[in-house]
Amino acid sequence: MNQPLAYIHPEAKIANNVVIEPFSTIHKNVEIGEGSWIGPNVTIFEGARIGKNCKIFPGAVISAVPQDLKFDGEETTVEIGDNTVIRECVTINRGTKDRHKTVIGSDCLLMAYVHIAHDCIVGNHVIFANCVNLAGHVEVGDWTVIGGMSAAVQFVKIGAHVMISAGGIVRKDVPPFTKAGRDPLSYAGVNSVGLRRRGFTNEQINEISEVYRYFYLKGHNQTKAIELVELEINPSTERDEILDFVKKSERGIMKG
């Protein structure tokens, strides 16, 4: 159901049962999936690919050109999965020639005034509280929760199942399954409450905690901690995910 007071470019691809409220603007080269709701005063620029059953609230601006002086008009996209809720005044910029896309997964909640810059990759089931800001090229894993007024600098990687406290400034990579707090942002334990809610067993959580003791509590440098974890802790999905994340970290992981 499209309101006559909304502007929809004739080349936009809108599923039949999408609701677009008055005073919203949908540009060309936009795709919106079935069951989605576009509230009033939303602007969706070209390059947006919005999934099914999404809700986009007033004032949101999706797929505006990057705030990047190197951007040269290349054709890029913003890709948003199914069932994602985007609250008031959220801004999501499209990609640059680095990745050619900015990606938000399915079943996410982006609260008011969140900003996601060009070339960010955000996983599924992610929650960003009010005023979270991601600089360009940031990666965020599935099931991560970031508290309000937090910010991540460019190229930072945040693992899956992470909890970051409100007001945190993420300057280093945050490994999976952890809590991050304090100032400067540092390791505050394993995200055991979140993991239990998602079906992790006590055995799995205890193993994750043991892995992080080598990195944060036993006084080893990162190279030595990796060596000892590989030697002394049996392989598992969680152990290997942590090791893979740490080994691939280019900025280095947050401190203890």
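This note goes through the pockets and salt bridges of a predicted model.

1. Start with the largest pocket. About 240 Å³ of space lies in it. Its lining is made up of 14 residues. E139, K157, G159, D244 and F245 are those nearest the centre of this pocket.

2. Next, the elements behind that lining. Strand 20 (139-140), strand 23 (157-158) and helix 4 (237-248) each give two or more residues to the largest pocket. Helix 4 has the largest share, with four residues.

3. Six of its residues are charged, five are nonpolar and three are polar.

4. Now the second largest pocket. Its volume is about 160 Å³. The residues that line it are H125, I127, W143, V145, M163, N191, V193, G194, R197 and R198. Helix 1 (residues 192-197) provides the largest share, three residues. By type, the lining of the second largest pocket has five nonpolar, three polar and two charged residues.

5. Turn to the salt bridges. A search of the whole structure gives ten. Some of them are described below.

6. R99 and E139 deserve a look together. Their side chains form a salt bridge, with 2.5 Å from N to O. This pair joins distant parts of the chain, 40 residues apart. R99 sits in the loop between strand 13 (91-93) and strand 14 (101-104), while E139 belongs to strand 20. R99 counts as partly exposed because its relative accessibility is 26%. E139 also has 26% relative accessibility, so E139 counts as partly exposed. Recall that E139 is among the residues nearest the centre of the largest pocket.

7. A second pair involves helix 4. K247 forms a salt bridge with E230, and their closest N and O atoms are 2.5 Å apart. K247 lies in helix 4 and E230 in helix 3 (residues 222-232), so to speak two distant parts of the chain, 17 residues apart. K247 is partly exposed, at 49% relative accessibility. The cut-off for exposed is over 50%, so K247 stays in the partly exposed class. E230 is partly exposed too, with a relative accessible area of 38%.

8. R87 and E88 form another salt bridge. Their closest N and O atoms are 2.9 Å apart. E88 is partly exposed at 26% relative accessibility. R87 is partly exposed at 29%.

9. Finally, a network. Salt bridges link E210, R213 and K218.

Note on methods. Residues are numbered from 1 along each chain as its sequence is written. This is a predicted model: local features need pLDDT of at least 70, side-chain atom pairs count only at pLDDT 80 or more; totals for chains, interfaces and linings use all residues. Side-chain values use heavy atoms; hydrogens and water are left out. On a 1 Å grid over the protein atoms alone, a cavity is a set of points where a 1.4 Å probe fits but cannot get out, and a pocket is an open set with protein on both sides within 12 Å along at least five of seven lines; lining residues have an atom within 4 Å of a point. Grid points are joined across faces, edges and corners, and a volume is the space filled by probe spheres set on the points. Ala, Val, Leu, Ile, Met, Phe, Trp, Tyr, Cys and Pro count as nonpolar, Asp, Glu, Lys and Arg as charged, and the others, Gly among them, as polar. A salt bridge is a side-chain nitrogen of Lys or Arg within 4 Å of a carboxyl oxygen of Asp or Glu. Buried means under 20% relative accessible area, exposed over 50%, partly exposed in between (1.4 Å probe, protein chains only).
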